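Hi everyone, thanks for making time today.

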Amino acid sequence: MNKVSFVARWGIVFAVLGFFTLYSAAALGVGHNKAYADAISHNAAFRGSKDFVVFEDDGDGGGYHGGHGSRSARMICAIDQNQLNALRAAYATTTYTTTDVGGQPKGIAEVYKTPSVNKHALYQTIGLDTHGPQCQVLKTSESFLLFLLPGVS
Amino acid sequence: MAIRSGGRLHLFFYWLLFGILGGSIALLALSTKYQAVWQLYHSVYFLIILAYTWYTAALLFIGEIKKRSYPQYNGEPIAVIIPAYNEEPKLFVEAIRSVLKAKGNKTIYVIDDGSVRGIDKRKLLAGCQQFGIGIHFFSVNRGKRHALYHGVKALAASHDFIVTIDSDTILDEDALVRLVEPLKDPRIGASTGDVMLLNEKQNLLTRMIGAYYWVGLQIFKRAQSNLGMVVCCSGCLAGYRSDVISSIIDEFVEQRFLGEACTHSEDRHLTNLVLREGYDVVFTDKAVSYTSTPASIPGFLRQQQRWKRGYIREATFTLTYAWKRRPLLFLQILLCELTVPFLAFGLMIALLVTIVTSPSIFLTVILPSWVVFMFVRFFPVIFYGKKKIPGLFLYMFFYEIFLYWQFVYALFTVKNKSWLTRG
């Protein structure tokens, strides 16, 4: 194999591997975060709200959660100060500030799904209509999940 | 004192596999409640495999730019040991003929391991005497391990190198000399050669197995060889320095695990002992041999079941010495070769559930992403083994459907001594 061919072959091998690694990193981490920020920004543009509650949407029919190909869904709803207070009183929340794509600060109250956090109860607590314009479902389809490889033994 | 097979540390690593399997089930259970656990679970799994892909590619690349060269063979005496048990006569004769034709200053020694059918013993004796081949008959079947032990004890003192081959292995003319050349380097204790299938074109299954052999040898063994740590010198064609094999042969024949004497996967154990003694073990594709593979699915599965039992026993044994002396080998075996298959158990169960409950997600998301990663993982095949791609693709599906589950079964039945395919 001459030198040019050798360099070309291995260049392609490492380029493919490198591209795939970067793509994986983007899809696993950065991609989710960007979609998340975009959704908040998008929601804020309609509502003009500065506070949001974020929680996992377990769907109306429940379904298999956490399986291969699960399309994780988060409900993002604009809330006011009273709703935020009600939320804090009823659930353990993680609150933090983030910025939307326009650089505006947004307060986020995140409620993690546990067996004791029921979506419908949560709606009632803060008086939200999830089908209303103040809520948006952010769905992120996990584009690669399972890479089981043949072992050679 | 050297750590022995079946010792406490060996058992610790063996039981650790149950821990990984249990952890995998626990992670799956938690994943049904917490999305974050699921993301962590499959991300960690994915990252280990991605890292292994980089590691393998890097080793292959290093091997290409820094090719090892070995001293030339100079007529040193080679002992070729051929254990045989109930071997099919035509293939056996062909195997012996190929060794006779092979270059090198060789002594051939056949050990019949108490065969009850196959080649006629009188004819075998007459043929061996005619061609100056040494032969020894065990009165009863004692196992391949004992046959090798007998051969090494008989010949090691008078030969520089010991080569072991299976009784259905056909050698290339240059195979012996190419195999022993690396052994002239005092750092190298054992070497193994390329294995091709005589019946690769017999049917779809054998084509698939041919691709599996090719990947195992040309990607994984070649990569391991660049660090001098090939973990298995295949029984088809393996070479050892006489002084090295002599120093471990007593321990080899007495190997026990979980209170039982070990019968199969002797090739991997012998390699393990050589590595443990601090010698390098290398692969050379210049030494070529040919062998047959089972041509039916049940036959292949039986062979694979035996290999997987041996794989678990020997890979856990490798960990006992590698953590001190060969940290890269330790990480490779622990993370990529043992953790991955058992950590995958929960993922495989989740996959089955997804296939049943959401076949559309399986077809539109999982399957394409799996194929893409397979393509990335084995990308060098495009340059070095184009013809193997269809077989490799088939093998991947076959692995997921049949072979993967054998790993889990093998963990629970590792004590089983049945050879399953022999005679």
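**Two helices and what lies inside**

Let's start with a pair of helices in chain B: α1 (residues 8-31) packs against α14 (residues 389-412) at an angle of about 130°, and their axes are 10 Å apart. That angle makes α1(B) oblique to α14(B). The crossing of the two is left-handed. Please keep in mind that this is a predicted model.

Which residues make the contact? On the α1(B) side they are Tyr14(B), Leu17(B), Phe18(B) and Leu21(B), and α14(B) brings Val408(B), Leu411(B) and Phe412(B). Sorted by class, this contact of α1(B) with α14(B) has seven nonpolar residues, with no polar and no charged ones.

Now to the cores. The largest nonpolar core has 116 residues, and within it Ile312(B) and Phe378(B) touch the most other members. Helix α11 of chain B, residues 327-357, gives this core its largest share, 15 residues. Another core, of 30 residues, lies apart from it, and includes Phe92(B), Leu124(B), Val180(B) and Ile188(B).

Finally, let's zoom in on one residue. Ile108(B) sits in strand β2 of chain B, residues 106-112. Is Ile108(B) buried or exposed? Its relative accessible area is 5%, and buried means under 20%, so Ile108(B) is buried.

And what is Ile108(B) in contact with, leaving aside its neighbours within four places in sequence? The partners are Val80(B), Ile82(B), Val99(B), Leu100(B), Ile133(B) and Gly134(B). As for Ile135(B), 27 residues from Ile108(B) along the chain, the C-alpha atoms of the two are separated by 8.4 Å.

Key: Residues numbered from 1 in each chain as written. Chains lettered and ligands numbered in written order. Predicted model: local features only at pLDDT ≥ 70, side-chain atom pairs only at ≥ 80, totals over all residues. Heavy atoms only, no water. Core = buried A, V, L, I, M, F, W, Y, C linked by side-chain atoms within 4.5 Å. Buried < 20%, exposed > 50% of the residue type's maximum accessible area, 1.4 Å probe, protein only. Helix = DSSP H or I, 4+ residues; strand = E, 2+ residues; numbered from the N terminus. Contact = heavy atoms within 4.5 Å. Axes fitted to C-alpha atoms, helices over the stretch in contact; angles between N-to-C directions. Parallel < 35°, antiparallel > 145°, perpendicular 65-115°, else oblique. Left-handed = near helix turned anticlockwise from the far one by under 90°. Nonpolar A, V, L, I, M, F, W, Y, C, P; charged D, E, K, R; others polar.
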